[in-house]
Amino acid sequence: MFQLLPGHIQPTGHRTRKSRLVTKDGHCNIEFGNIEYSNHFAFVVDFWTTFVEIRWRFVLLLFVAAFTGSWFVFSLLWYWIAKSNGDLTVQNQTEGHVRCIDNVNGLTTAFLYSLETQTTIGYGGRALTGHCAGTVALIIFQSLVGVFINCFMCGIILAKISLPKKRAKTVTFSNTAVICLKKGSLCLLIRVANLRKTLLIGSQIYGKLLKTTTTPDGETIILDQVDVDFTVDAGKDNLFFVCPLTLYHVINRSSPLYELTADTLPLQDFELVVFLDGTAESTSSSCQVRTSYIPQEIQWGYSFLPIISRTKTGKYRVDFSNFSKSVQVTTPHCVHCFETDVDQRNHNSYNKENHNNHLKLGIDNLGFQVIDIHDPVDVTKM
């Protein structure tokens, strides 16, 4: 009933071409189409989230465009004020002419003055004379706009750097999953490791089995989600995630994997998505790590190699070279085979116990003691 089964695993470096909803590094492979134009306005209203989620290349482009554009727009205003006051070089200036801005003689110098004003450089060559009220109001307005742009761009960059998904990059799952016996049950095993010494507080582990199903009414449901419970020896909530953990899912009658066998597993069409939620200890930000496994990435009849050892100095050492490696072990061909074998052993044990009970002629009384009496018996004749 139990035998060594050949593992079903893709060769190293081979990438399966099967489409999957969640990639190995956690990205969702989904595309939204035919969205009404009015719905795009919602992304503009939620501009902060939109800017935080866009790619870095667009953030850098926005950074350059925001500052350069503001400098140029205000340089046009400074140029207009200087031209209106007759401060330009090409204009005929009367004797005793009072300038609004010193040393702003053209568009180039106006742009330099705008840059110096907004960045608070102040080289001293160009400055307001204080004779024009419009220049005072404009320099106040530009200073406020410059402060707003600085705060907004610094906030976006800081938010992108500290995104929780960056913390998720230091949490990794094994490349493959295995199915073998664990504590007297047939289980699906997955290994996960935290590459940082700082913990993930309140970690929770769960899974979703995605597959296409057909309802009794004939309706086809694409990506139907079925819950898959994972646990470790210490439970499934509030894990002490200081070292790599081996997650396991017991394949029993309530499991969506109950009908699988070693032969039919590679022929199945499903995707197992595994989630790990937790709070980073150093930043107190919540993060989620996810990965997925297709049937070709699940090895039936294999078990993970041990990776934790203890050094001579008393420290615990984790060998990540064996993190995703597995070894072939004795495993039943299917869950039904395992249950049938267990039932047969229990039946034989029950019959043996009943047979031993029938051999007994009575019930032993442990409190009964046999006492020998040597005195002669007094018999009275009637």
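Analyst: Helices (H or I, at least four residues) and strands (E, at least two) are DSSP runs, numbered from the N terminus. This is a predicted model, in which local features need pLDDT of at least 70 and side-chain atom pairs count only at pLDDT 80 or more, while totals for chains, interfaces and linings use all residues. Residues are numbered from 1 along each chain as its sequence is written, and side-chain values use heavy atoms, with hydrogens and water left out.

User: How far apart are the end C-alpha atoms of residues 136-159?

Analyst: The unreviewed UniProt entry lists residues 58-81 and 136-159 under "transmembrane region", in the numbering used here, with feature names shortened and annotations that may be inferred rather than shown by experiment. In the model, residues 58-81 are 100% helix and 0% strand, with end C-alpha atoms 34 Å apart. Residues 136-159 are likewise 100% helix and 0% strand, and their end C-alpha atoms are separated by 35 Å.

User: Which orientation does α3 have relative to α5?

Analyst: Helix α3 (residues 56-85) packs against helix α5 (residues 133-161) with the axes 11 Å apart and at an angle of about 180°, where axes are lines fitted to C-alpha atoms, for helices over the stretch in contact, and angles run from 0 to 180 degrees between N-to-C directions. Angles under 35 degrees count as roughly parallel, over 145 as roughly antiparallel, 65 to 115 as roughly perpendicular and the rest as oblique. The orientation of α3 to α5 is therefore roughly antiparallel.

User: What class of pair do the rings of F74 and F141 form?

Analyst: Rings of Phe, Tyr and Trp (its six-membered ring) pair if their centres lie within 6.5 Å, and planes under 30 degrees apart count as stacked, over 60 as edge-to-face and the rest as tilted. F74 lies in helix α3 and F141 in helix α5, so this pair ties together parts that are 67 residues apart in sequence. Because the ring centres of F74 and F141 are 5.8 Å apart and the planes are at 55°, the pair is tilted.

User: Is F141 buried, partly exposed or exposed?

Analyst: Buried means under 20% relative accessible area, exposed over 50%, and partly exposed in between (1.4 Å probe, protein chains only). F74 has a relative accessible area of 5% and is buried. F141 has 49% relative accessibility, so F141 counts as partly exposed.
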